[in-house]
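Subject: Structure handover

Hello,

Here is the structure I promised you. Please open it beside this note, and read on for what turned up.

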Amino acid sequence: MILVIGAFMAILDSSIVNVALPRFMTLFGSSADEIQWILTGYMLTSGVVVPITGYLGDRFGNKRMYIWSVAAFTLGSLLCGLAWSTQSLTVFRVIQALGGGMIIPVSMAMIYRIIPRKKIGMALGIWGIAAIMAPAVGPTLGGYLVDHFSWHWIFTINIPIGIAAIMLSLSYLEETPVQKNLKPDLPGVFFSSIGCFTLLLALSEGQDKGWTSQYIVTLLIISFFTLLLFILWELEASNPLIDIRLLSNPVLSASLLATCLATIGLFSAVFLIPIYAQNLLGYSPMETGLMMMPMALVTGFMMPISGKLFDKFGAFWLGMVGMSLVVGITYYLHTLSLDTSYRHLQVVLSLRAVGLGLATMPLTTAGMNTIPKYLVGRASALNNTVRQISGSIGIAYLTYVLMQRQVYHTATLSEPVSLASPVTPMALAQIKGLLAGQGITGAAADQGALSILYGQVAQHSFMNALDDTFVVSAVIIALVLPLMFLLSKKRVEEERKKQAARYAHLAPRF
């Protein structure tokens, strides 16, 4: 539970800030591009520090690194609450991300170190409550704090929690084995930092700058070659930052790929539903957060149940049943319309959350269970790096699909809306009649009628594009199902024995 506190706090703060961005723009007099760096700076920094957490945990001990990461996050939160400008807040968010980015992989590695393998599913199920619930709780809590108190509270609320987590860690957590003679892989740190930074930056700004712009293309080229150099170096390094050779384990590779696809599935709702609810249905951020709250609660409720079932039956049936439900409900979401009710959407999202809660953590745990304990720190860093990048890729790709389909539907729906069409004059006449009832006549009525008509076209084209994006998302999630055959309990146990024998010579002697 001490580890859950830190993980929940770190993930929560990455989403809680979103609802306060309009307030920051007004308060600091910043443009949308400037204010976006409050989010981008946090994401890029956490993406850069995640790969090195495996080495730091092995070299200095996971307990020590957990305490230092929580302390850095808490200090960053204090400084953010004292920020006086967009620039200062961005800098303080980077400090916050130095700790926040390390908390997740370090806490996951600690769980694998201290929990018996037979109970690891239940433990990760409880820990996973933080990973799944925090993104949904964040906007609701952030909206409440900003509306009823002050924007400072979205940061300062972390301070007492962080201090409590540090004190409890000092009192109750046991230190993991420390490898004092472990040398740092400096070229690996350099290549991974540059590669992850440029890739995440390109993914976050690609839609705004244009995917074919020189800026984005340059970033993608740099990320491709630096990550390629990183892989080549890690394959030859005697003490690699992230052991790429772990991917020769078919169970771990299938687990990572399934986790990537499931992460895109998670973000398809967390990312698209708020857009739909606020832009098309007219709900406030607070109302949207409350609408998504049952989904978060259901997922959190299912995680420990899923973990208990995983310890008994393995990942295969949990993944097949859970992800099939997610695929079906995600595909059903393409029937959403401008008339969908608040309660109906809550129920549908809650049913989808049952599948996510059932399958998400077993997908990760199955692969990690094949890794020897003394390598789980590196495997955890690899897992969380892949998860973070896949989440960014998922959001970027779904945004691209949404925008492209909106352009298509706008062109399709605009064809009949022309003065040459016999329907258009009738529609304009009806709208002008309604405007005349409100005292608007003449040229103003003509202009107003055209604006309303094209506004309807834009609204329906966006709705249709959103429906298409859910279909694409369902297809992506469905790719998880064939991978489940590599994650059966028998396959996991056989691979675990192979990996233990393969890496036996690397087992540290304490």
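Start with Thr365. Leaving out residues up to four places away in sequence, Thr365 touches Tyr112, Ile120, Gly121, Leu124 and Phe310. Thr365 is part of helix α15, which covers residues 342-368. Its relative accessibility is 1%, so Thr365 counts as buried, the cut-off being under 20%.

One caution before the rest: this is a predicted model.

Now the overall picture. The protein has 20 helices and 0 strands. It has 510 residues, and 54% of them count as buried. Take the contacts between residues at least 6 apart in sequence: 83% of these join residues at least 24 apart.

Arg93 sits in helix α6, residues 86-114. Is Arg93 buried or exposed? Arg93 is buried, with a relative accessible area of 0%. Which residues does Arg93 contact, apart from neighbours within four places in sequence? They are Asp13, Val17, Ile38, Leu39, Tyr42, Cys80 and Phe155.

Next, the second largest pocket. Its volume is about 470 Å³. The lining of this pocket counts 21 residues, and Leu227, Leu382, Thr385, Val386 and Ile389 are the closest to the pocket centre. Four helices each supply at least two lining residues: α10 (186-209), α11 (214-236), α12 (250-280) and α16 (376-414). The largest share comes from α16, with 6 residues. What is the lining made of, by class? It has 18 nonpolar residues, 3 polar ones and no charged ones.

On to the aromatics. The structure holds 5 aromatic pairs. One of them joins Phe190 and Phe191. Their ring centres are 5.6 Å apart and their planes stand at 65°, so this pair is edge-to-face; the cut-off for that class is over 60 degrees. Phe191 is buried, at a relative accessible area of 18%.

Phe316 and Phe485 make another pair. Here the ring centres lie 5.2 Å apart and the planes meet at 55°, so the pair is tilted. Where do the two residues lie? Phe316 belongs to helix α14 (residues 316-332), while Phe485 is in the loop between α19 (480-483) and α20 (489-502). The pair therefore ties together parts that are 169 residues apart in sequence. Phe316 is buried, with a relative accessible area of 15%, whereas Phe485 is exposed, with 53%.

Last, two charges over rings. The charged end of Arg59 sits over the ring of Phe60, 4.8 Å from the ring centre. Lys209 lies over the face of Tyr215, at 5.7 Å from the centre of that ring.

- Thr365 in α15, then its contacts, including Tyr112 and Phe310.
- Arg93 in α6, then its contacts, among them Asp13 and Tyr42.
- Arg59 over Phe60, then Lys209 over Tyr215.

Best wishes

Technical notes. Residues are numbered from 1 along each chain as its sequence is written. This is a predicted model: local features need pLDDT of at least 70, side-chain atom pairs count only at pLDDT 80 or more; totals for chains, interfaces and linings use all residues. Side-chain values use heavy atoms; hydrogens and water are left out. Buried means under 20% relative accessible area, exposed over 50%, partly exposed in between (1.4 Å probe, protein chains only). Contact means heavy atoms within 4.5 Å. On a 1 Å grid over the protein atoms alone, a cavity is a set of points where a 1.4 Å probe fits but cannot get out, and a pocket is an open set with protein on both sides within 12 Å along at least five of seven lines; lining residues have an atom within 4 Å of a point. Grid points are joined across faces, edges and corners, and a volume is the space filled by probe spheres set on the points. Ala, Val, Leu, Ile, Met, Phe, Trp, Tyr, Cys and Pro count as nonpolar, Asp, Glu, Lys and Arg as charged, and the others, Gly among them, as polar. Rings of Phe, Tyr and Trp (its six-membered ring) pair if their centres lie within 6.5 Å; planes under 30 degrees apart count as stacked, over 60 as edge-to-face and the rest as tilted. A charge sits over a ring if NZ of Lys or CZ of Arg is within 6 Å of the ring centre and within 35 degrees of the ring normal.
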